[in-house]
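I opened the notebook to go through this fold piece by piece. Here is what I looked up, entry by entry.

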Amino acid sequence: MTKTIIFDLGGVLLDIDLKHCMQQMQALGIDLSVFEKKEMTIPAGTKATVLGEGIVANAAMHLYQTGDITTEVFLEGIRKYCKEGTTREQVLEAWNACCIAIPPYRLEKLKELKQRGYTICMLSNTNDAHWQKIVNQCFGGQDVVNQLFDYTFLSQEMHMAKPNDDIYLKVLEDIGAKAEECLFIDDSTPNVEAAKKLGFHTLHAETSITQKGMVVAPPSTDWTTTIEQFLN
């Protein structure tokens, strides 16, 4: 029996465009091959953060997602590869360009599910820059986040990241639930498969089609409708 629903953020609740982010980086003069440099290493035995379907974070991105380097260190690390005169604010804007918006109907579905008695959680691989923008511009403030979710788990605060087992197990520990009582919703295949192996019920969400930082088509099958088959 499903008692708890655990939502990913980017690609599930929030529409994102990672390619647009990379395009904005290129506009600042960055050769995208710089993101393949191994200047920082991911801890041994750790699976790299998945930014999106088919896109794996490099070491610096992973360390930022897990809160092991600060926003300033991360932004300055990018800025040194930009064309001369590029400001911190320009780098930040480019980095945040992937975050588009949260469609109101998804927020309404969250409210409905909570009213039906389900425990509602968020489990997101994110970072401080993205999170601040999402909270303030997409959710409309921390109070809204607190009202929608019973628990919010962020990789940057936990120093863990999907698809590593430890983050899923920590979530179960903190909410006092069993995996078989939880439905986990994510748009990333590695994240979904990792949860499934641990005994979670899983829903692989289809993402919106985006281009140039805009949604050009919603998912042909949205989780807001397919979720019902997993609920009691």
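How do H1 and H4 run relative to each other, roughly parallel or roughly antiparallel? I looked up the angle: helix H1 (residues 18-27) and helix H4 (residues 88-95) pack at about 155 degrees, and their axes are 8 Å apart. That is why I put H1 and H4 down as roughly antiparallel to each other. My classes: under 35 degrees is roughly parallel, over 145 roughly antiparallel, 65 to 115 roughly perpendicular, and the rest oblique. Axes are lines fitted to C-alpha atoms, for helices over the stretch in contact, with angles running from 0 to 180 degrees between N-to-C directions. I also listed who makes the contact: Cys 21, Gln 24 and Met 25 from H1, and Val 91, Ala 94 and Trp 95 from H4. Contact here means heavy atoms within 4.5 Å. The residues of this H1 with H4 contact come out as five nonpolar, one polar and no charged.

Ground rules, for the record. This is a predicted model, where local features need pLDDT of at least 70 and side-chain atom pairs count only at pLDDT 80 or more, while totals for chains, interfaces and linings use all residues. Residues are numbered from 1 along each chain as its sequence is written, and side-chain values use heavy atoms, with hydrogens and water left out.

Next, the overall tally. I get eleven helices and eleven strands in the protein chain. These are DSSP runs numbered from the N terminus, helices being H or I of at least four residues and strands E of at least two. Of the 232 residues in the chain, 51% are buried. Buried means under 20% relative accessible area, exposed over 50%, and partly exposed in between (1.4 Å probe, protein chains only). Among contacts between residues at least 6 apart in sequence, 68% join residues at least 24 apart.

Then the sheet. I read an open sheet of five strands in the order E7-E6-E1-E8-E9, with parallel pairing. Strand E7 (151-154) and E9 are the edge strands, each pairing on one side only. Neighbouring strands of this sheet are turned by 20 degrees against each other on average, direction ignored. Two strands count as paired if DSSP finds at least two bridges between them. Strand E6 (residues 119-124) and E7 run parallel and are joined by four bridges; Ser 124 has Leu 154 as its bridge partner in E7. Helix H9 (residues 165-175) lies across E1, E6, E7 and E8, and runs at about 155 degrees to E7.

Five of its five residues are buried, so E8 is largely enclosed by the rest of the structure. Both faces are covered, with Cys 182, Phe 184 and Asp 186 buried on one side and Leu 183 and Ile 185 on the other. The chain gets from E8 to E9 through helix H10 (residues 189-197), a right-handed β-α-β crossover. Right-handed means that, with the strands pointing away from the viewer, the path from the first strand over the helix to the second runs clockwise.

Last, two single residues. Where does Leu 14 sit? I found Leu 14 in the loop between E1 and strand E2 (15-16), and it is buried at 2% relative accessible area. Its C-alpha atom is 4.5 Å from that of Ile 102, 88 residues apart along the chain. Leaving out residues up to four places away in sequence, Leu 14 touches several others, among them Leu 9, Cys 99, Ile 134 and Cys 138. Arg 116 is in the loop between helix H5 (104-115) and E6, partly exposed at 37%. Beyond four places in sequence, Arg 116 is in contact with Lys 109, Glu 228 and Leu 231.

Definitions and conventions
Ala, Val, Leu, Ile, Met, Phe, Trp, Tyr, Cys and Pro count as nonpolar, Asp, Glu, Lys and Arg as charged, and the others, Gly among them, as polar.
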